[in-house]
Amino acid sequence: MNQVPALVRWHAENGAGPHAAIPAIGDAASYIDSDACQKELRIAIDMRALQDENYAGKGIGQHTMFVVSVLRGIAHARLLGVVDPMLPPPGTDAAALFDARFDMLTHANPARGGDIYLNPSPLTHDTSGLINARRAGMRTAAVVHDFIPFRQPEFCANDAALAAYRYLVQSLAKYDLLIANSAYTASEIRTYLPEFAGAVVTLHCRSRFAAAGADAAPGPDPAAPYIFVAAADDPRKNVEVALRAAGQLHAIGLRLVVGGGFGEASRRRLMSAYNQPYYMAEPAFLPRVSDAELRAVYERARFVLVGSEDEGFSLPVAEAIALGCPVIASDIPAHAEQIADPRLLFAPHDVKALLRAAEHVIARAAAPASLAASYRRFDHEGEAVQLRDAMADLGAEARRAGPPHRPLVMVGPSFNKPTGIAVYSRLVMQECRAQKRQINYVDADALEPEAFYDWLLGQAESDIVYVMGNNNIHHSQCFIAMQNIPGACIMHDSRLFEFLLNREGPHWLAALWNRRFARRRIDVDTVVHWQRERRLLPYSFLDPLIARSRAIIVHSKILAAHIAQAYGFRPVFYLPFALQMTRQEIDLVMQMRRGRRRAEGDTIHIVMLGETEPTKGCCELVFALKMLRLIGYDAMLSFVGKSDEPFRSELENNAHRLGIEEHVVLMSYMSREAYLEYMGSADVIVQLRYALFGQVSGPLCDAVACGVPVVASEDLAAGTGLENYCTVIPNEFSPMHIADAVRALLDGEPVLSPRPRLHDMKDYVNGLFDALASGQAS
Amino acid sequence: MTGPSQSALFSLTFLDVSQFAAEPLRTGVQRVLIKVIEHLPRDRIMPFRVFDETRVAILDPAIFEFAIRYFRQSQPAQRTLVAEAHGRSHHASQEELLIRMLAAQPMAILPAERFFALAERIINLEAFSNPVRSRLYTSCPPAHRGKIFHFVHDLLLFESPEVFPQLNWRYASDYVLLFEAYCAAGGFFVASEQLAARLAYRLNRPVTDMRVVHFGGDLAAAAPPLRSGTRRSVVVLGTIEPRKYPRMVVDALFRIAAYHPDVDCILIGKWGWVDAETRAHLEGVLASGRIKHHRDLTDADVTAMMQAADVGIYVSSNEGFGLPVIEFAALGVPVVTNAAVPSAALVRGEYAAVLDKVDLAALVTQVERLLAAGRPEQGYYQWRWVDCAREIFTWWGNAQPVRDTGIDVAACWQYCMRLIRELPADDSDIDAFRQVAALHIGADARFWREIGRDAKSQIEPARMHALVQAVSDIAAENRELIHWTDLLQARGALAELVQVLSLSNYLEALGRAYVAFLGRPLDVWAACQAVRMQSAGDLFGRLIELINSDEAARYLGARIAAALRHVVGDARDVIDICLSGHLDLCRLNECLGIKLPAVEDVFLAEDLVRAEVDWAERLLYFSAARPLSGDAMDLLLEVAAGVCRANGLHIAPDRSGIGPSADLILSYVEPVGA
């Protein structure tokens, strides 16, 4: 594992960041393998809960910090933070808890040399960390916070989201140790995972606040008494019950102060539940505040109200208790675990019960010591010891042995789908079967979400090869599968820009770029501009694939070099694109060509093979045709492939504007026979691509195999090793470059160079399996 | 109507100034255009612009003079500076405004077919990406294509598109139309043998269709070199853009300045597009103070610095020609350049270091070598712009050379234009007008004097008759044509005037007046949108400035210009109020109890026949009576008269011939109380 850690590279690209406090690691591998480290308990901790802004600042993030701080107390333990480069870096406070940090790169994750993998939030992110850890033989542990989406499926956006959540829950069974944040959650684990054979320990969440002492605490504000409604901008937090009770609470002189940083739209929605006259003081909605400010809000409140419909454990209740603030809460199991006196609990939607609880707490607040006894306090120290012991025991266990055999699965589009990738994959599998390779093929995108996740759950021990394209329609679930179960990837497209744009949106892409290139920040307008002008795209946005791949197989040398250089990714393999024409087809085309003689005055037939797209220089090709005709070449141009709107109209309009519409042929559908016929009749074939990180053209290989004179753009030809068999024009080509090249082929002396021996599918499959083996070895 | 009679007016070389007239800039290509124009025989060339795909507009040759003056003035004219100092925001200099007005006010509009058939030669010295222009050239019948010559400065757009980050060939079909226009030409001028060969290949034409001409190295006469004592200087010329190796050049200058404290390192050039990182680096180096960066120098200052330099640097990865290299050479300044600059081949030798590969060490080494060697006694590039102009003018390619007729044909065209303005005639009778025009010309000694003949008897009768007929025909035809396109194209004063009136709620009245007089609706709002809104007072002042300029008299005709001056000069009260910005004309009307003019008010002018009338009414009468041709000045005149009429202005008696003083002009452009 000799690799400069991605951490160091990340620092270099992004300048000094909040993680500057981490000890500099010159060589991650040597650190892990050092004698000192070897003797210690190496715990690799998944840092995504501390990176993701959706969780880092909330309960999950807080509890994660607590868990990590507990583990810091294990003697001879090294805490290795495993970061996901797809998320923002963790904050300074979080980063300071770790001895080292590493990128979550599957193939060379030094943390794989660790003993235990701990996931502080297994139900919020994919299972890639778990799968990698198991494959590395590590023992695994996870913190479980709640199972709310199971109990409240309406909180899931759709069926697919619920199916995804179910998958994550079911994946918990693969951990060796689960750490519940409450006794309630621990009991839920047994309910939802009856098959779970590992240990469950409980580590209750701990308040970030500790009581300051009787003299320091300011006490309730007598001038403007209020009830602090501890909530968040989440319907589950059930602020409505407090708002409906506001009138009666006003009657006893208490207004509401609602925490949680509600946005304007949410506030308007909530206020529809507030039915008080205008002259009554409206609830005050607090913005997001600092810890110190929040503490003051707690301490100055008459009491705290938590009306949540469901929780695994309630940190607001714990914080109120810790600060000695009276608190009432909804009578959900998590609150019942924290509040012993049932009279301080109320049914979540029962205003009267809430009022009764309010009355009760106000009365009991007169005797704080007595009230304090109504709340349960947990033995955090004792639980911490338990957890440390459990982790130490886990670390002492032998490394996990993998299965004797891992089934090999290829995930790609069904063979009947109308895409080039589907056709190619069919041929690959055909050859695999001919070679009696043990590999199954699955179209993950053909499965309904529930079936997909059921299938995914069963693949934890499989070696998967993902066939990825840039198209959401055919590769969306394939992508999800890869995010959860890392594997090898055959990358047919050189970029994921369009895929990610459709999946995540322009803001996400801008955020990804800004994390990667902090000194060259962009905004959404730039992303939109790149979408319109694809040739200006300066980055391939392959990060999600790179972060989850053991090995990447590409069909362009240019792309292989780009991935290695731009992402520092080692196990990328160039595998020459296999010729898709059969021997008979090649012979047929060559026979057609031998039989034709172009006489003086015959129309010159220029052909472009493949679907028309702007990035293939189709407009420039139309312009080149015009220029050729102007200087006396009687030429016509055929686009031999699908030509759909709106680009088709653009081509037609261009041809019309230049007065050459009669000499440009566009098609809607093209049969294999027609394809071969056009290849046989072409005087020149032109295959072009804008230089977007190394692209491939199957028809280019076909044309070269059949000995047809070909014009190709520089990277397209060089990427497939065919530059000596084409007339090459610059990547930044103009119509004049195309016209010059066509003229050179038509007017020049034919060069009788031997046709190259192109890879056939047999070579391809052999190469594929060699690459897969190499990828696994690394 | 074609024929031998009209051909008398076309014994000229017609020069396409469409691009320059549309957008006067100071690019290198336009510098070539101007330098050539300066040295072409002015009586043998005539400017034209492309009017639309089927017509050309013959322009007043005065535009040549303004073009040359515009190019010499790198700063706006003095009066414009004064106006800007007082808060006005118009940007055009006097020359630019007049170029645009002259381009918008052609002397005649001709069908392209007739133009191509009759013109002896047509030369275009600028590239363009305008499909209308391309289609016009492409429409030339094959029989006449031999007369069309284009100057092709480079093929960079086609050969090196990567040099132009803004260029996206997917959307650049206009350049294909340019290529088509080239294919329809008879011959080409180029500045190097290499380009000649490449162009010949690309157009599939014999190389004999290309004429290599030599650009001139002579710059405008400069002040004596600014050599300060023992200090030496290294001067770099060129826009700061990626292809000029900006980082390398600036780093080289920094090193030279460090190693040679007696050498001033000077960078002359605007910021072009460079990425943020490069710009930050360059700004950091420039901030060190070791390199002087000049961005907005006059041509004279640039020339002086070049002349005083001990070494010049001009390097580029992609270049059409590289004028600065030969300019340094002509000044006798040793130069460091590179092989990718075509002009390098013309100066390679003892005093010019031509790098095959541009790198920092090589740049510094060669500069130091040339500094040590010292300057030559004289320039080492001998070609001048007069030579270039002669090469262009004397090459006929495949066209048939035409001898000088001995008549100042340009003067004939100008006379045509005056005829339209000066001859009263019934609108509808073109034949009658033609006859009147012919009689007038025959009797007008001024005409014969201006065309170069003191006595018409020295011209053969048949030829004289043909000439008279030609002039009459053109005048008659064009008075029928509305040869001023629309307000969107007639920028400058007219659009500004429209703005004044729009602000004063006179827009509707203007539109009605236009319909009444010219029978054509006017999209005034579109015109207003073409020009930025300014205060009424500012714009009125600008208008006054313009019509008081010397050129206006020559352009408008002395009588009209004088009339306008009188109208404006004696409407001082109104103008002062407008300039103060406190009242607009609409409010003024309210104060004076005057209602806004209606169509009827305008029509009333035609009924005025009494001798003793106020000048505004006489002006209105004059406007109604004179033949209308829809030019910009017509409208300006009409509306100014309408404004005065509506305001009941009384004008003092004629002070003909005495124009306002400079002080008076300036007082109009200074706001009251400034």
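## Helix packing and the A–B interface

Mentor: Let's start in chain A, where the axes of helix H22 (residues 449–457) and helix H23 (residues 472–484) come within 11 Å and cross at roughly 30°. Keep in mind that this is a predicted model: local features need pLDDT of at least 70, side-chain atom pairs count only at pLDDT 80 or more, and totals for chains, interfaces and linings use all residues. Residues are numbered from 1 along each chain as its sequence is written, chains are lettered from A and ligands numbered from 1 in the order in which they are written, and side-chain values use heavy atoms, with hydrogens and water left out.

Trainee: Thanks! How are helices and axes defined here?

Mentor: Helices (H or I, at least four residues) and strands (E, at least two) are DSSP runs, numbered from the N terminus. Axes are lines fitted to C-alpha atoms, for helices over the stretch in contact, and angles run from 0 to 180 degrees between N-to-C directions.

Trainee: Okay, over to chain B. At what angle do H12(B) and H17(B) pack?

Mentor: About 45°, with the axes of H12 (residues 246–259) and H17 (residues 360–373) 9 Å apart. That makes H12(B) oblique to H17(B): angles under 35 degrees count as roughly parallel, over 145 as roughly antiparallel, 65 to 115 as roughly perpendicular and the rest as oblique. H12(B) passes H17(B) in a right-handed crossing.

Trainee: What classes of residue meet there?

Mentor: Nine nonpolar, no polar and three charged. Among those in H12(B) are Asp251(B) and Arg255(B), while H17(B) has Glu368(B) among its contacts.

Trainee: Changing topic, how many residues of the two chains are in contact?

Mentor: 25 residues of chain B touch 27 residues of chain A. The two chains bury about 2,300 Å² between them, 55% of it on carbon and sulfur atoms. Buried area is the accessible area (1.4 Å probe) that two parts lose on being put together, summed over both.

Trainee: How many salt bridges cross that interface?

Mentor: Four, where a salt bridge is a side-chain nitrogen of Lys or Arg within 4 Å of a carboxyl oxygen of Asp or Glu. Glu180(B) and Lys626(A) form a salt bridge, at 3.2 Å from N to O. Over all chains, the structure holds 59 salt bridges.

Trainee: Where does Lys35(B) find its partner?

Mentor: Lys35(B) pairs with Glu38(B), with the closest N and O atoms 3.9 Å apart. Because they are three residues apart in helix H3 (residues 28–39) of chain B, about one helical turn separates Lys35(B) and Glu38(B).

Notes. Left-handed = near helix turned anticlockwise from the far one by under 90°. Contact = heavy atoms within 4.5 Å. Nonpolar A, V, L, I, M, F, W, Y, C, P; charged D, E, K, R; others polar.
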